[in-house]
Amino acid sequence: MIVKSYEINKIDFNKSKIVLFYGENNGLKKEKISEIINSNKEKTVLNYDEREILDKPEILFDNIFSKSLFDKYKTITIKRVTDKIFKIIEKINEIEIEDLLIILNSDNLEKKSKLRSLFEKSDKLLCIPCYPDNQQTLTRLAYAFFKQKEISISSLMINIIVNKCKSDRENLFNELRKIEFFVKNGKKITEKNISKLINLSENHELSEFVDSCLAKDVKKTIRILNENNFNNDDCIAITRIFLNKSKKILNLSKEFKKNNNIDLTISSAKPPIFWKDKELVKEQIYNWSPEKIKKLIYELTEVEFLIKKNLNNSIKLITNFALEQISQKTNN
């Protein structure tokens, strides 16, 4: 059953025991999942990654069937969910679940996804799509934040902030809190200060590194690797930048496959592609078919999981991943 994200407060979670959140709006998913968890603070919260459940499905089933005097109510969240978990969820759906809520958090699931279809068609399961926020929604959230904090700011300043958020409310609130702290220190909000303060755009070196990989520019990628000493935090940031850029290329690649006109694909892109980046983006579109970029996105989630699990090996993991991408043949 499909439910709108703003209707969550109407849901009776005593009846609906498994919930699927999917979509590109990570900030909205995080916000709504937190609302559900915080609505019952007596519940014990257990967090897993899909990979852990696939490796050991008994983790999930043990929590369903086991009872504890200390943990009467439990909430299980499973991140990075894909169709790979479909059979496990299908089996769980046949079980009468008590005192347990399972929350699945997935990226964008296509219409043909078995998991998405299962949740949309079932009366017992809840499916909550979380699409990117539009400018109007982000602007409204920013106005509400500043009003609550009693911070005086012009519409122009708010537009500058919102325009750099890339349709992500999580980025927006990170920057709004930064501005709140800035003002508390007695500093004045000006366009110059806002521009310096906001850092929603990716670190230039990291972004350039990812762009060169996606363009399969071997010399430039190796040069950046040799010139930079990436740390563990950089490696995690690189995977996030890789994912964001790959998702954009996926949309452009799909459009290019439909119209077979690269200039039309670039000119009709939303948000618009800056003129100096057009040739680079063209090269990236040529290099990645929709099928290949989907595979890359999946591999990136795997790499991110491995990096977080083994930070000491993060630099080797991201280096090997980058070198593997630039060594693969293009679509041409």
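The model is predicted, so local features need pLDDT of at least 70 and side-chain atom pairs count only at pLDDT 80 or more, while totals for chains, interfaces and linings use all residues. Residues are numbered from 1 along each chain as its sequence is written, and side-chain values use heavy atoms, with hydrogens and water left out.

The protein has a mean pLDDT (the predictor's confidence in each residue, from 0 to 100) of 86, and 92% of its residues reach 70 or more. Helices (H or I, at least four residues) and strands (E, at least two) are DSSP runs, numbered from the N terminus. Among these elements, the lowest mean pLDDT, 70, belongs to helix α9 (residues 191-197), and the highest, 94, to helix α5 (residues 114-121).

**The sheet**

Five strands form an open sheet with parallel pairing, in the order β2-β3-β4-β1-β5. Two strands pair if DSSP finds at least two bridges between them. At the edges stand β2 (44-49) and β5 (125-129), each pairing on one side only. From one strand to the next, the twist averages 15 degrees. Six bridges join β2 to strand β3 (residues 74-81) in the parallel sense; Val 45 has Thr 75 of β3 as its bridge partner. Helix α1 (residues 26-38) lies across β1 (18-22), β2, β3 and β4 (100-106), and runs at about 175 degrees to β4.

**Helix packing**

Axes are lines fitted to C-alpha atoms, for helices over the stretch in contact, and angles run from 0 to 180 degrees between N-to-C directions. Contact means heavy atoms within 4.5 Å.

| Helix pair | Axes | Angle |
|---|---|---|
| α6 (residues 135-148) and α8 (residues 169-184) | within 11 Å | roughly 25 degrees |
| α12 (residues 232-259) and α14 (residues 278-287) | 9 Å apart | about 70 degrees |

Angles under 35 degrees count as roughly parallel, over 145 as roughly antiparallel, 65 to 115 as roughly perpendicular and the rest as oblique. Helix α6 is therefore roughly parallel to α8. The contact involves residues including Leu 141 and Phe 145 of α6 and Leu 172 and Phe 173 of α8. By class, it comprises nine nonpolar, one polar and three charged residues. Here Ala, Val, Leu, Ile, Met, Phe, Trp, Tyr, Cys and Pro count as nonpolar, Asp, Glu, Lys and Arg as charged, and the others, Gly among them, as polar.

Helix α12, by its angle, is roughly perpendicular to α14. Ile 249, Leu 252, Ser 253 and Phe 256 of α12 meet Val 281, Gln 284, Ile 285 and Tyr 286 of α14. The contact of α12 with α14 has six nonpolar, two polar and no charged residues.
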